[in-house]
Amino acid sequence: MVDDPRRRPVRAVRLRSVGDAELELQYRVVHGYRRAFRMAGEGPPLVLIHGIGDSSATWAELIPDLARTHTVIAPDLLGHGDSDKPRADYSVAAYANGVRDLLTTLNIESATLVGHSLGGGVAMQFAYQFPERTERLILVSAGGVGREVNPVLRLVSLPGAHLMLSSLRLPGMRLQVGLAVRLMKLLDTDLGQDAPDLLNLVDALPDETSRNAFIRTLRAVVDWRGQVVTMLDRCYLTEGMPTMLLWGDRDSVVPVRHAFGAHEAMPGSRLEIFEGAGHFPFHSDPTRFVSLVEEFTATTAPADWSRDHWRQLLREGGPGTSRARGAERDLREASERSAT
């Protein structure tokens, strides 16, 4: 563990039970599109943002515990889960806007954001676009750090991906893929750690509309060379914002070295590595994950955003300064572009 967050004494909390009804999907129509979400608990708001192809269901087993001390909001991003899947803008910036608008309809002005994979990029983009509404960041196996990403995702970004995804649902194909997954697990490969969760994502794409939304989302962040969006050039803006990075050391989708790169680029961030875990550390060790989230939110003060501080960071902390030199080098080597 590496950490240096601003801390405060652990606050007293009142635990409450969470009823099954609170974990059911709810819906809000925003800009004419239906947005699905789960909302449970009482206390400081905690927003859980899933990764590409996933949904709020990925957090289902964690929500009851987290909701004992927080108001937990877990949306299905547009194009995912039970939310609408229009032909729309599926960029990271658009997703950040969507999270803001959903929170506004729920009368939530600011929150701690927990983002997994693509959701980590969305959380970072939210913090960049709406720093005054971001209390803390918890980034889990987050995208947007380096170019590297699982070759399968690079392949799916190419023309013809629709046919490939459709073929996985042909009779007998699921059995063949399942056998390959079991072999990878027997060989103790990193991909074998993540394959069951990744196959669940394929199962969540039952029709052409779902597959189209998935591919449009993927192509907004990945091409044949790897990840095309980076957060490294503006990580310095998290100075003063409590930030924790959680990563599995056997992540086959986003390499664990990205965790160390992000930690170096984010002043005062805290890094926690889950040994033996893959891309879904909150599935591998949910007890530790919940404990870390609860401890982090209880012992850090929400970010105290001010326009003057933001202006100072923009003027003094950008690429080219000494504290951002490592990030600038990584950007140059990866030849990445930035989300705006």
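Searching the whole structure turns up two cavities of 30 Å³ or more. A cavity here is a set of points, on a 1 Å grid over the protein atoms alone, where a 1.4 Å probe fits but cannot get out, and its lining residues have an atom within 4 Å of a point. Points are joined across faces, edges and corners, and a volume is the space filled by probe spheres set on them.

Keep in mind that this is a predicted model, where local features need pLDDT of at least 70, side-chain atom pairs count only at pLDDT 80 or more, and totals for chains, interfaces and linings use all residues. Residues are numbered from 1 along each chain as its sequence is written, and side-chain values use heavy atoms, with hydrogens and water left out.

## The largest cavity

The largest cavity holds about 290 Å³ of space. It has 23 lining residues, and Leu118, Gly143, Gly144, Val221 and Gln227 are the closest to its centre. Two or more lining residues come from each of α3 (118–129), α8 (208–221) and β9 (229–230); helices (H or I, at least four residues) and strands (E, at least two) are DSSP runs numbered from the N terminus. The largest share, five residues, belongs to α3.

## The second largest cavity

About 70 Å³ of space sits in the second largest cavity. Its lining is made up of Met124, Ala127, Tyr128, Pro131, Arg234, Leu237, Thr238, Met241 and Trp310. Here α3 gives the most, with three residues.

Note on methods:
On a 1 Å grid over the protein atoms alone, a cavity is a set of points where a 1.4 Å probe fits but cannot get out, and a pocket is an open set with protein on both sides within 12 Å along at least five of seven lines; lining residues have an atom within 4 Å of a point.
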